[in-house]
Amino acid sequence: AGRSGQTMIQSIFMMSRTGEVLIEKHWRGITPRSVCDVFWDEANRYAAKEDAPPIIYTSKYYLISVFRDDVFLIASVTAEVPPLLVIEFLHRIIDIYTEYFGSVEEQNIKDNFSTCYQLLEEMMDNGYPLTTEPNALKAMIKPPSVMGRVHSYATGKSGISDDLAEGMVSSMLWRK
């Protein structure tokens, strides 16, 4: 049960155009990666990837997806949820990744793997969207740069701020 008696997003997967799982993040239990195979089989039934249905039902999960910039972002949920809320949140993740990395091309995601997960941690709390405003996220997690990578490598420090932006709440223990 969630905040209003219903559950929200259990897990999110990002898949490349070729079906490779690039990101796998779980909040409410672990969704087996085999759901990606079910999703991929369904998506391959269509000539154009963007024609795959945005909601696919499996025996245990609803798979809600968006296809943008040659990647699929898939949310698994175990009960009925407002699908447009989930779809909008998935688009927001892609928007944030695009703002941080320039695009959501497969290589950009692989090169910025750690930042992708850090952003997901801040954007969602226990399966519920939390912080999706780019400026608030940038105050907490610095966008990657060449100088930032050199600094991180030299000092061993990440680009994550120890302090929260004004008026922000986080479930991250090290930020309280």
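The model is predicted, with a mean pLDDT of 85 for the protein. Five strands form an open antiparallel sheet, and helix α2 packs on that sheet. The largest nonpolar core has 35 residues, and the structure holds nine salt bridges.

**Confidence**

- Of the residues in the protein, 78% reach a pLDDT of 70 or more.
- Residues 1-5 have a pLDDT below 50. Beyond near neighbours in sequence, this stretch has eight contacts in the model.

**The sheet**

- The order of the strands is β2-β1-β5-β4-β3, and their pairing is antiparallel.
- The edges are taken by β2 and β3 (55-57). Each has a single partner strand, so one side of each is left without a neighbour in the sheet.
- From one strand to the next, the twist averages 20°.
- Helix α2 touches β1, β2, β3, β4 and β5. The direction of α2 makes about 40° with that of β4.

- Strand β1 covers residues 11-16, and six of the six are buried, so the strand is largely enclosed by the rest of the structure.
- In a regular strand the side chains alternate between the two faces of the sheet.
- On one side of β1 the buried residues are Ser11, Phe13 and Met15.
- Strand β2 (residues 21-26) runs antiparallel to β1 and is joined to β1 by five bridges. Ile12 stands opposite Lys25 in β2, and Met14 has Ile23 as its bridge partner there.
- The hairpin of β1 and β2 has four residues between the strands. Within this hairpin, Gly19 takes a positive phi near 95°.
- Strand β5 (residues 71-77) also runs antiparallel to β1, with six bridges joining the two. Here Ser11 stands opposite Ser76, and Phe13 stands opposite Ile74.

**Nonpolar cores**

- In the largest core, of 35 residues, those with the most contacts inside it are Ile12, Ile93, Tyr97, Ile109 and Leu119.
- The elements giving two or more residues to this core are β1, β2, β4 (62-68), β5, α2, α4 and α5. Helix α2 supplies the largest share, 10 residues.
- Another core, of 15 residues, lies apart from the largest one. Among its members are Val21, Ala43, Ile56 and Leu63.
- Leaving out residues up to four places away in sequence, Ile109 touches Met14, Leu22, Ile23, Tyr97, Phe101, Val104 and Cys116.

- The buried residues of helix α4 (residues 113-123) are Thr115, Cys116, Gln118, Leu119, Leu120, Glu122 and Met123.
- These buried residues pack against β2, α2 (83-101), α3 (106-111), β6 (124-125), β7 (128-129) and α5 (134-140).
- Glu42 lies in helix α1 (residues 34-43). Its relative accessibility is 18%, so Glu42 counts as buried, the cut-off being under 20%.
- With residues up to four places away in sequence not counted, Glu42 touches Pro53 and Ile56.

- Side chains of opposite charge can pair when their charged atoms come close.
- Lys110 and Glu20 meet in a salt bridge at 3.4 Å, N to O. The pair links distant parts of the chain, 90 residues apart: Lys110 is in helix α3, and Glu20 is in the loop between β1 and β2.
- Lys110 is partly exposed at 36% relative accessibility, and Glu20 is partly exposed at 34%.
- A network of salt bridges links Glu20, Glu106 and Lys110.
- Asp95 and Arg68 form a salt bridge at 2.7 Å, N to O. This pair joins helix α2, which holds Asp95, to strand β4, which holds Arg68, across 27 residues.
- Asp95 counts as partly exposed at 31% relative accessibility, and Arg68 is partly exposed with a relative accessible area of 23%.
- Glu99 and Lys138 form a salt bridge at 2.8 Å, N to O. Glu99 is in helix α2 and Lys138 is in helix α5, 39 residues apart.
- Glu99 is partly exposed at 42% relative accessibility, as is Lys138 at 28%.

How values were computed: Residues are numbered from 1 along each chain as its sequence is written. This is a predicted model: local features need pLDDT of at least 70, side-chain atom pairs count only at pLDDT 80 or more; totals for chains, interfaces and linings use all residues. Side-chain values use heavy atoms; hydrogens and water are left out. Buried means under 20% relative accessible area, exposed over 50%, partly exposed in between (1.4 Å probe, protein chains only). Two strands pair if DSSP finds at least two bridges between them. Contact means heavy atoms within 4.5 Å. A nonpolar core is a set of buried Ala, Val, Leu, Ile, Met, Phe, Trp, Tyr and Cys residues joined through side-chain atoms within 4.5 Å. Axes are lines fitted to C-alpha atoms, for helices over the stretch in contact, and angles run from 0 to 180 degrees between N-to-C directions. pLDDT is the predictor's confidence in each residue, from 0 to 100. A salt bridge is a side-chain nitrogen of Lys or Arg within 4 Å of a carboxyl oxygen of Asp or Glu.
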